[in-house]
Amino acid sequence: MDYLLEKYKNESELEKMATREAFGVAIVSVANENDDVVVLNADLPGSLKLNDFMEVFPERYLQIGVAEQNMASIAIGLSHYGKIPFITSFAAFSPGLNIAQIRIGSIKNQNFKVVSSHYGFHVGPDGASAQMESDIAMMKAIPNMVIVNPADYNQTKTMTHLISRAKGPIYMKLTREKFPVFLKEDAHTEIGKVQKLLSGDKLTVIATGSMVYETLQAVLEVDKDGGKVELLNLHTIKPLDKEGILESVRKTGKLLIVEEHNIWGGAGESISRIVAENHPVFTKIVGIYDTFGESGSHRKLWEKYEIDRVAIASQIREII
Amino acid sequence: MDYSKVELDALRKLSYELKIDVIKMLDKADSGHIGGAFSIADIVTCLYFKVANLDPQNPDWDERDYIMLSNGHVCPILYAALARKGFFPKEELNNLRKIDSLLQGHPKLGIPGVENTSGLLGQGLSQGVGIALGLTMDSKPNKVYVITSDGEHQEGQTWEAIMSANKWSLNNLVVIVDRNHVQIDGNTEDIMPLGNLKEKYESFGWIALDINGHDYNEILQTFDFVKKIDQPVAIIAHTIAGEDISFMERLYKYHDWKDDPVEVEKALKELQAELDKFN
């Protein structure tokens, strides 16, 4: 399957968009398709790009104020009544402040969506408290929870539609920063299935969300002629695509996972478990090494905490 | 309008039967929360058997009123009422808190008649606001009754919910506060003072009413009255923890009860004596 836009290698030619912008566009069309969709927000509609939704569907937009716990439990009530609520905020606040409420709604697999932007180092200058390095750990440990982390603007639009149709609690992560749009608008995306962006036989690299294009550039830098590194886009962190991952590591025999999350509790740990249980291979994780961030641009933070393309390329070089 | 003695006595008699069911359930389960189950028993009886529009044969009926239990630990009285109302067979009461059984130690969606998963205090009123908002969006007349404990008003989220119900003027939402003054580790005013809840609700824009939570005529008249109010309403029901069991009344140590055979026998005897007065 060919997922990449033709000019994907040339970063300067690609349009730069934040995935939260895609959510803002897609949620309007999702709501047009389904009358039951409602959006809740905790005093950050601009940050979630909800301006269009608020204008088109004022009666289906609920401004809850700075009260993320109330927002989550109201959503669970709405879901019990029969609506499809999307709760929206920064990842630091939701699920950061309302994990207990989300957990209660997940016990009976209630149909609500948690959509959060500004994960990882994305809120850069605001500093450690508003950044979010722990959200996957919190959410993946909740039974029934599905976690999606789309890689670019186009994929986020598709994913917004997919999660609105899928039943049950789903967490979708969005970027604050603008990143290259490199996936085809009509690329086939299925929750729970990895996408093979590049083929190779020496090393499997699995990247998720904001790290996918950064990793792609690192791979292009190291594997100039191609064919050595296989790059998988992990747009779904839970459930993991066990077969898709194992098929690749059986071929390559080595694995590198790249994520903008604490290595404690991130996607890397869960992938490592699947690999260790079924086909143990050398595995390494590039992620945030159990530290909080600090103020600074997200690019500078990526560099300092060694999750940028330079750090990723150096790991790839070392492994192959 | 005053309710007739016949009508009130029928409900009172039923409440003793439900309380007897609760004692027997907790005896079989070896433990459970009894203080709050008995303080709210009269209101539960009125809600399920007189006030709310329900269809036990069709728990998901679109036209039903929603009765939610935010302080889920008092669920034995809820389960006793649901069973007697016909939501599930009464035999299920024998398996409360046991593995592979329907009736969980705290209410969970999926149990017929249960409208919210609870057990973490402070979340039920927000969930009730969610249901009330959904009904309002669709211009539906159903009512939402949320039972809360006084102790869970120590949770900040309860006040977030109270604030938001006022924002949307949810006239389909009624909260009942079981003001029994006890919680697991002591008396509420010693643990963390709650003060005058009526005034607090009023200052958040609600209509709030102080009532005697064991006076059936007052309870029923209050529920009639709130149906006419175009605002969210809080009924502060002043109640007695462990009501009707002489050795339990008002004592916080019976919030959670590890039953013993002597107490079980004594409690059943006292309740039976009350019940016999109706024969």
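Begin by selecting P239(A), which is found in the loop between β12 (236-238) and α8 (242-252) of chain A. Helices and strands here are DSSP runs (H or I over at least four residues for helices, E over at least two for strands), numbered from the N terminus. The peptide bond that leads from K238(A) into P239(A) is cis, with omega near 0°.

This is a predicted model, in which local features need pLDDT of at least 70 and side-chain atom pairs count only at pLDDT 80 or more, while totals for chains, interfaces and linings use all residues. Residues are numbered from 1 along each chain as its sequence is written, chains are lettered from A and ligands numbered from 1 in the order in which they are written, and side-chain values use heavy atoms, with hydrogens and water left out.

**Backbone features of chain A**

Next, select S94(A) and P95(A), which are joined by a cis peptide bond with omega of about 20°. P95(A) lies in the loop between β4 (84-90) and α4 (99-107) of chain A.

Move to K49(A), in the loop between β2 (37-41) and α2 (51-56) of chain A. Phi of K49(A) is near 60°, a positive value in a residue other than glycine. K49(A) is partly exposed, at a relative accessible area of 32%; buried means under 20% relative accessible area, exposed over 50%, and partly exposed in between (1.4 Å probe, protein chains only).

H118(A) also has a positive phi, near 65°, and is not a glycine. Select H118(A) in the loop between β5 (113-117) and α5 (135-140) of chain A; H118(A) counts as buried, at 3% relative accessibility.

**Salt bridges**

The structure holds 30 salt bridges over all chains, each defined as a side-chain nitrogen of Lys or Arg within 4 Å of a carboxyl oxygen of Asp or Glu. Select E294(A) and K304(A), whose closest N and O atoms are 2.6 Å apart in one such salt bridge. This pair links distant parts of the chain, 10 residues apart: E294(A) is in the loop between β14 (282-288) and α10 (298-304) of chain A, and K304(A) is in helix α10 of chain A. E294(A) is partly exposed at 29%, whereas K304(A) is exposed at 54%.

Turn to helix α1 (residues 5-29) of chain B, where D9(B) and R12(B) are 3 residues apart, about one helical turn. Their salt bridge has its closest N and O atoms at 2.7 Å. D9(B) is buried at 16% relative accessibility, and R12(B) is partly exposed at 28%.

In helix α1 of chain B, also select K13(B) and E17(B), 4 residues apart and separated by about one helical turn. Salt bridges that share partners join K13(B), E17(B), D21(B), R84(B) and K90(B) into one network. The N to O distance between E17(B) and K13(B) is 3.9 Å.

**The sheet of chain B**

Finally, display the open sheet of 5 strands in chain B, ordered β2-β3-β4-β8-β7 with parallel pairing. The edge strands, each pairing on one side only, are β2 (66-69) and β7 (207-212) of chain B. From one strand to the next, the twist averages 20°.

Select L209(B) to find its bridge partner in β8(B), I235(B).

How values were computed: Two strands pair if DSSP finds at least two bridges between them. Axes are lines fitted to C-alpha atoms, for helices over the stretch in contact, and angles run from 0 to 180 degrees between N-to-C directions.
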